[in-house]
Amino acid sequence: MAVSVFNHPTKIIYGVDSLYKLENELKTLKCKSLFVVSGKKFLENSGTKEKLLSILKNFDIYFFNRVIPNPPSDVIEEAVKILVAQKFDAAIGIGGGSAIDCAKLSLAVFNAGANVKDLLYGKSPVLKRPIPLIAVPTTSGTGSEVTPFVTVRDKQLNKKIALGSYFLYPEIAIIDPKLTFQMPPHITASTALDAISHAFESLWSKDSQPITDIFAEESIKLIFENIDYAVRCDCAVLDERAQEARVNMSMASMLAGIAISHTRAGASDAISYPIAVYSNITHGFACALTLGEVLKLNYPFLSKKFDKIFSRLDIKDIEEMKGKIDSLKKNLSAPCSLRELGIKEENISDIAEQSFDHPAMQKNIAPLTKKDIENILKTIY
Ligand SMILES: [Fe+2]
């Protein structure tokens, strides 16, 4: 067996009401002035701002609440301007993956004294952060609170770009599942598919290792067992099983996030990027589109490992697993074809071309050619 190394630098604080640990963490770090990055209306509408203010009543806080989903680089530049104008002791990214990514990237750009594009295209390195970043997720999917990755939209090139660096890991992740209790069903569904895609992609990554496999397998198990309860509930009155389901979905998302931090993602993630440019699909739905087909292509390379995992999950064989993925997407009302997204057949070769050049494709255990990717896309057309 090959030697593997596992070092996860983010301190993880997980559990219902763990948000209340934030004050102590900041005191330990001797931080007084805080830069809080969030989505446009999320903090106010969910009551989280009030909660945060009551926990942090002894701190000076600047709220930067201008993040939108798939943030374009100008939102990051706006955040950087504030970091240049004012000194902070710590930053907090609170919200979905976009808010946490915006906090990670604006600190990195500010720290490098560069602009967003220089960092994204490797002209400027990501350096060690001078102030700590605390990530607080309010969705269960991206895992950004525990990963060294960010994703941003390049408006000019109409492209989504991903960046990875050890220095993008948040110092602390506070994962309080209660913050996900108000997540609407469609976001619960699409973020769950993001998380399960991370788990599968980690299993078939060339860099997978025994420890990441354990995280990924447990994540898949938790998602299959809990997603129906997490998604089919009225957010205003979560019953006990629905609350338990959302607590478990937070765990599943974190586990899958830790797994891909060490393995990176694979073909489904690579293909999701151009698909998201050609349509308005969310990241989780875009990744899940090709998951079953990519599983079929990767299975022969890792059949022994997958057979063991299938049997522990009480799944007979690859056909049954593929069927489970397909019915999961159906139950979550996720799109299942490119046609229903309004993508034209003549765009397939460009999507294949762009996917082939994505770094995640290099981690996929099955060496896929552009023709293979085109075939996947035709199968799901
Ligand atoms: Fe993802």
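Helix H9 is mostly covered, since 20 of its 24 residues are buried, where buried means that 20 or more other C-beta atoms, placed from the backbone, lie within 10 Å of a residue's own. This is a predicted model, in which local features need pLDDT of at least 70 and side-chain atom pairs count only at pLDDT 80 or more, while totals for chains, interfaces and linings use all residues. Residues are numbered from 1 along each chain as its sequence is written.

After H9 comes Arg-264, whose phi is positive, near 60°.

Taken as a whole, the chain has 16 helices and eight strands, which are DSSP runs numbered from the N terminus (helices H or I, at least four residues; strands E, at least two). Of the 381 residues in the chain, 50% are buried, and the C-alpha atoms fill a box of roughly 55 × 50 × 45 Å along the principal axes.

The domain assignment, which is automatic or from a database, gives domain 1 (11-179) and domain 2 (183-379), and their C-alpha centres lie 25 Å apart. The contact between them takes 17 residues from domain 1 and 23 residues from domain 2, two residues being in contact if their C-beta atoms, placed from the backbone, lie within 7 Å. On the domain 1 side, strand E1 (11-14) and strand E7 (159-164) each supply at least two residues.

How values were computed
Buried ≥ 20, exposed ≤ 12 C-beta atoms within 10 Å, placed from the backbone.
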